Amino acid sequence: MFDQCLSEPQYVQYRGGKLINPKFDQGLHGWNGFGGAKIEIRRSSSRNNFMVAYNRSGHNETISQKIFMDKGHYYTFSAWVRVSEGSETTVSAAIITKENTKRIIASGNAYPGCWTMLKGGFQPEFPLQTEVYFVCYNKTVDFWVDNVSLKEFNKTEWLEHQQRAIAQVRKRKIVLEIRDKLGKPIQGVKVNIKFTKPFFHIGCAVTETLVQYKKYQEWFLKKGFTATVFTNQMKWYWTESRRGIENYTTPDAMFQFFKSNGIEIRGHTVLWDKPKMNQYWLHDMTPKELLATAVRRIASVMARYSNDIFEWDVVNENMHFNFYEEKIGPQASGMFYHIAHVIDPNATLYLNEFNTLETPGDVYACPHKYINNWRGIRSYPGNENLTVGFGLQAHFKPRRPLMPYVRAVFDYLSETKMPIWLTEMDVEINPNQAVYLEEIMREAFSHPGVEGMIVWAAWRPGMNCTGLCLMDDNFNNTPIGDVVDKLMAEWRTPEQNGKTDSRGLYKFHGFLGDYTLTLFDPHSLNKVTRQIKITNKDPNPVLIPMSI
């Protein structure tokens with residue numbers, strides 16, 4: 001619903017929350033023209049009231065309502081928006097304080113002829129007397145809005161929602177049904193259950209120093225990460241800095257280490273749309289030469305690791321940049337994804353973008369535009385049913401992340417039913433760095449649309465950490481490392497020991513993942529060991545019949 005343009009606005013969420021007259025059934029009551037805007041109530045053919053800001057001459061000439069926000073509370077925002085004419089128009093929702101401080105809390109697209117949902121949120125760090133208003137970046141059109149909501153949650157309510165979601169999405173009730181060879185239930189069978197591997201991926205980025213330092217390798221394996229990504233070593237400028245001379249020595253060694261230890265690898269990145277991240281010799285090529293050279297690059301790196309890389313970032317950051325589109329044509333990315341799928345059909349292909357999750361004010365990367373970009377990739381002939389996941393780089397600035405906005409982005413992208421990963425997750429150094437990282441990780445883990453996350457914390461000796469670091473040069477934990485360890489331990493099922501009941505059943509609640517089950521019947525002295533995998537495709541509860 002969030003990603004669709006509809007003939008009528010849908011219901012108001014949370015009955016409008018803190019807002020007065022959210023459906024405009026009481027005319028203009030509670031609302032003001034913002035920035036000198038002229039506003040009025042209009043009624044659709046279905047007799048639905050909506051608000052219009054008309055005869056506009058400035059981006060901020062919209063509507064507003066004054067509200068009070070409590071420190072530390074979570075505010076989720078939604079509204080249905082539309083414009084009177086023209087084409088796609090970028091719009092935002094924002095707050096402004098009496099000191100004239102402004103913050104964008106949601107951004108998206110509005111269209112003539114249909115309604116779209118704007119969704120976001122805010123989390124103040126101190127009490128705020130503020131005003132919620134809209135920005136419509138095309139000042140020549142009338143701005144329409146309906147069914148506006150600003151719902152307040154306290155911290156307890158927010159965290160309780162996370163825990164309910166985790167119990168529903170990341171766990172299952174697992175029932176072992178133990179019978180003898182004749183099919184009769186056996187009471188008193190001793191049961192031992194060990195959780196061996198989580199289904200949800202948590203990984204860590206690495207550099208080439210991994211192959212140079214044995215202690216780095218030992219540290220990585222001891223942590224229990226299930227996935228990794230190479231920060232630079234698989235990028236084109238690394239493997240072919242000089243034209244026609246490829247060198248895969250370093251990524252091959254890194255790849256072999258992780259493959260031999262059963263760690264999944266994300267391929268980052270096949271191509272990069274940022275001009276300055278492309279070798280100088282690519283810039284002078286004709287469109288035909290560049291296309292042929294880019295296709296050769298795709299084949300070179302993807303065929304080399306085909307069937308072993310489980311996810312590929314095919315064209316990095318192609319919403320903020322357009323190196324290939326500008327030189328080859330507007331469908332360049334779609335063509336590259338098509339070629340990538342042909343070369344490695346078993347891998348999941350991803351877009352990968354910054355600021356979609358981190359910054360509501362980046363109108364170039366808002367969720368609406370990300371989905372439009374995704375649709376553009378799938379509109380290329382042959383890509384219609386292609387799975388293209390959403391990579392969210394998640395490079396957060398050194399201020400509190402807006403968790404209501406983060407959840408809104410997850411909600412929005414999840415409407416496509418495509419997988420979501422936090423691909424380069426970090427928080428810039430600040431006194432609350434560990435706290436903010438934990439908030440981000442908990443929010444991601446609790447959302448059903450997110451399938452994994454990579455901590456962007458690669459290590460180099462003597463780097464005197466200025467970013468996000470899990471350990472020091474002696475491989476001792478930093479406070480950030482303690483947070484990651486704590487969460488990874490919390491999201492594992494503790495070892496289970498018990499006995500079957502009179503019906504031959506043993507029940508427990510466990511996280512999705514791999515288990516080793518060991519049964520021992522003290523009467524027959526029979527012993528059975530079995531490996532099982534519980535995934536998000538399994539029902540709840542999961543029945544596991546076993547014979548001993």
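Guide: This is a predicted model. I'll start with the second largest pocket, which holds about 450 Å³ of space.

Visitor: Which residues are closest to the centre of that second largest pocket?

Guide: Tyr14, His161, Arg407, Asp411 and His447 are the closest, out of 25 residues that line the second largest pocket. The elements that give two or more residues to this lining are β5 (74-83), β8 (116-122), α1 and α10 (403-414).

Visitor: And which element gives the largest share of that lining?

Guide: α1 does, with eight residues. By class, the lining of the second largest pocket has nine nonpolar, nine polar and seven charged residues.

Visitor: OK, now the largest pocket. How much space lies in there?

Guide: About 730 Å³. The lining of the largest pocket is made of 29 residues, and Phe199, Pro419, Glu451, Asn536 and Lys537 lie nearest the centre.

Visitor: Which elements give two or more residues to it?

Guide: For the largest pocket they are α1 (155-169), β12 (190-198), β17 (309-316), β18 (348-353), β22 (450-455) and β25 (513-520). The classes in this lining are 12 nonpolar, seven polar and 10 charged.

Visitor: Change of topic. How many aromatic pairs does the count come to?

Guide: 36 aromatic pairs. One of them is Phe195 with Tyr515: the ring centres are 5.1 Å apart and the planes are at 70 degrees, so the pair is edge-to-face. Phe195 is in strand β12 and Tyr515 in strand β25, 320 residues apart, so to speak a link between distant parts of the chain.

Visitor: Are Phe195 and Tyr515 buried or exposed?

Guide: Both are buried.

Visitor: Why does the pair of Trp219 and Phe225 count as tilted?

Guide: The planes of Trp219 and Phe225 are at 55 degrees, so the pair is tilted, with the ring centres 6.0 Å apart. Trp219 and Phe225 are buried. Ring pairs also join Trp219 and Phe225 into a cluster with Tyr213, Tyr216, Phe220, Phe230, Phe257, Phe258, Trp459 and Phe475.

Visitor: Where is Gln217, and what is it in contact with?

Guide: Gln217 is in helix α2 (residues 214-223). Leaving aside neighbours within four places in sequence, Gln217 is in contact with Leu210, Val211 and Phe257. Phe257 is one of the residues in the ring cluster.

Visitor: Why does Gln217 count as buried?

Guide: Gln217 has 14% relative accessibility, so Gln217 counts as buried; the cut-off for buried is under 20%.

Visitor: Last one. Which residues lie over the faces of Phe511 and Tyr350?

Guide: Lys171 lies over the face of Phe511, at 4.9 Å from the ring centre. For Tyr350 the residue over the face is Arg266, at 5.0 Å from the ring centre.

Conventions. Residues are numbered from 1 along each chain as its sequence is written. This is a predicted model: local features need pLDDT of at least 70, side-chain atom pairs count only at pLDDT 80 or more; totals for chains, interfaces and linings use all residues. Side-chain values use heavy atoms; hydrogens and water are left out. On a 1 Å grid over the protein atoms alone, a cavity is a set of points where a 1.4 Å probe fits but cannot get out, and a pocket is an open set with protein on both sides within 12 Å along at least five of seven lines; lining residues have an atom within 4 Å of a point. Grid points are joined across faces, edges and corners, and a volume is the space filled by probe spheres set on the points. Helices (H or I, at least four residues) and strands (E, at least two) are DSSP runs, numbered from the N terminus. Ala, Val, Leu, Ile, Met, Phe, Trp, Tyr, Cys and Pro count as nonpolar, Asp, Glu, Lys and Arg as charged, and the others, Gly among them, as polar. Rings of Phe, Tyr and Trp (its six-membered ring) pair if their centres lie within 6.5 Å; planes under 30 degrees apart count as stacked, over 60 as edge-to-face and the rest as tilted. Buried means under 20% relative accessible area, exposed over 50%, partly exposed in between (1.4 Å probe, protein chains only). A charge sits over a ring if NZ of Lys or CZ of Arg is within 6 Å of the ring centre and within 35 degrees of the ring normal. Contact means heavy atoms within 4.5 Å.
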